[in-house]
Amino acid sequence: MIKLCKVGLALGGGGARGLAHIGVLRALEEAGIVIDRIAGTSMGALVAAVYALYPKGDLVTKKFRLYLQSREFQRTNPEFLHLHDFKDLPKLEGIFLRFTNYIKKGFFYTQSLTRRAPISEENFAQNINFLLDDVDIQKTQIPLAIIALDLKSAAEVVLKKGSLRLAVSASCAIPGILPPIKWEGQELVDGGWINRVPVRPVREMGADLVVAVEVAEGLEEDPEDLNSGLGIFLKANEISRHALSRWQMKEADVVITPDVTGIHWSDFGHLDLCLRAGEEATQEKLETIKRLIRRKKLKKFFFLPSFRFPFS
């Protein structure tokens, strides 16, 4: 039986803010909107992969809640962090918030000059393995695409087959923090550096309607950003990526933007707040999504080869 409107979901990167994706999925599910295709970048890839494997919002929520409380998450702590005194830093949020403080102290850049990445592939794999089964991407219940960037060819890579765990690890491999993932001769890193919200890949998978979810930081003003050469470089890079993302998302039918502006990308201590933000932002767009689904169904119905007007 032909489905007259396949709904695709594109989940963007954004670190801890990506937990809002789960709220989006829960709200869509509650509204009876079935996701037929899904793609993700970085944190969006992790959420997309878990949902594609286990397409139940409550189950995905439970898995992430357990993960954030797990020893695997808490102990992802590279050795060089212990070389300095961090007694003044909060412990709740784990490694990612500590990285932010580490960067502010200037230690991270010294390490980056001498080491490929401060977190090993093996340590990060423990986190991915906690959430995902060791299956082929093609075995997920919902067709899935994972986005990464190949450092060798400088090209976007859309992964639709092969190891699910390895693909998600590649899409989450933040340059300078996590090592590139070797994949068929390629050196893959965080897909957000080339396609932060993968709208086009979902469309190419056959989605008739594409809903994009953007959770990354906006262009916030911070005078301290411009007080050093490094700060200026990072700010210019942020502007470039933001502009690319805005251009790419023009291809989406609907864009959902959960209000997670008060949450830093590295602060994973606000799961419930992110869930509410995702749910509320989605509820605001439900009528628009439903209207577009009806419109696309009608359009496809009238263009089916078997359809004939009564007077033809």
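A polar contact is a pair of N or O atoms within 3.5 Å; within protein, one atom must be able to donate a hydrogen and the other to accept it, and residues adjacent in sequence count only if both atoms are side-chain atoms. This report applies that term and several others to a predicted model, in which local features need pLDDT of at least 70, side-chain atom pairs count only at pLDDT 80 or more, and totals for chains, interfaces and linings use all residues. Residues are numbered from 1 along each chain as its sequence is written, and side-chain values use heavy atoms, with hydrogens and water left out.

## Overall composition

Of its 312 residues, 50% count as buried. Buried means under 20% relative accessible area, exposed means over 50%, and partly exposed lies in between (1.4 Å probe, protein chains only). Contact means heavy atoms within 4.5 Å. Among contacts between residues at least 6 apart in sequence, 74% join residues at least 24 apart.

Helix H2 is mostly covered, since 11 of its 11 residues are buried. Among them are Gly-44, Ala-48 and Tyr-51. Two packed helices are described by the angle between their axes and the distance between the axes. Helix H2 (residues 43-53) packs with helix H8 (residues 164-171) at an angle of about 155°, and their axes are 9 Å apart. H2 is therefore roughly antiparallel to H8, a term used for angles over 145 degrees. On the H2 side, Ala-45, Leu-46, Ala-49 and Leu-53 make the contact, while H8 contributes Leu-164, Val-168 and Ser-171. By class, this contact has 6 nonpolar, 1 polar and no charged residues.

## The nonpolar cores

A nonpolar core is a set of buried Ala, Val, Leu, Ile, Met, Phe, Trp, Tyr and Cys residues joined through side-chain atoms within 4.5 Å. The largest such core has 70 residues, of which Ile-38, Leu-46, Phe-64 and Leu-132 touch the most other members. H2 supplies the largest share of this core, 10 residues. Another core, of 12 residues, lies apart from it and includes Ala-10, Ala-145, Ala-207 and Val-210. In soluble globular proteins, nonpolar side chains tend to be buried together.

Phe-64 belongs to helix H3 (residues 57-68). Not counting residues up to four places away in sequence, Phe-64 touches Leu-19, Ile-22, Met-43, Leu-46, Val-47, Val-50 and Leu-131. Phe-64 and Val-47 are 17 residues apart along the chain, and their C-alpha atoms are separated by 8.9 Å.

| Residue | Relative accessible area |
|---|---|
| Phe-64 | 0%, buried |
| Thr-282 | 0%, buried |
| Arg-17 | 4%, buried |

Thr-282 is found in helix H11 (residues 271-302). A polar atom of the Thr-282 side chain lies 2.7 Å from the backbone oxygen of Gly-278. Leaving aside neighbours within four places in sequence, Thr-282 is in contact with Val-24, Ala-27, Leu-28 and Ile-256.

Arg-17 is placed in the loop between strand E1 (7-11) and helix H1 (20-30). A polar atom of the Arg-17 side chain lies 2.6 Å from the backbone oxygen of Ile-263.

Key
Axes fitted to C-alpha atoms, helices over the stretch in contact; angles between N-to-C directions. Helix = DSSP H or I, 4+ residues; strand = E, 2+ residues; numbered from the N terminus. Parallel < 35°, antiparallel > 145°, perpendicular 65-115°, else oblique. Nonpolar A, V, L, I, M, F, W, Y, C, P; charged D, E, K, R; others polar.
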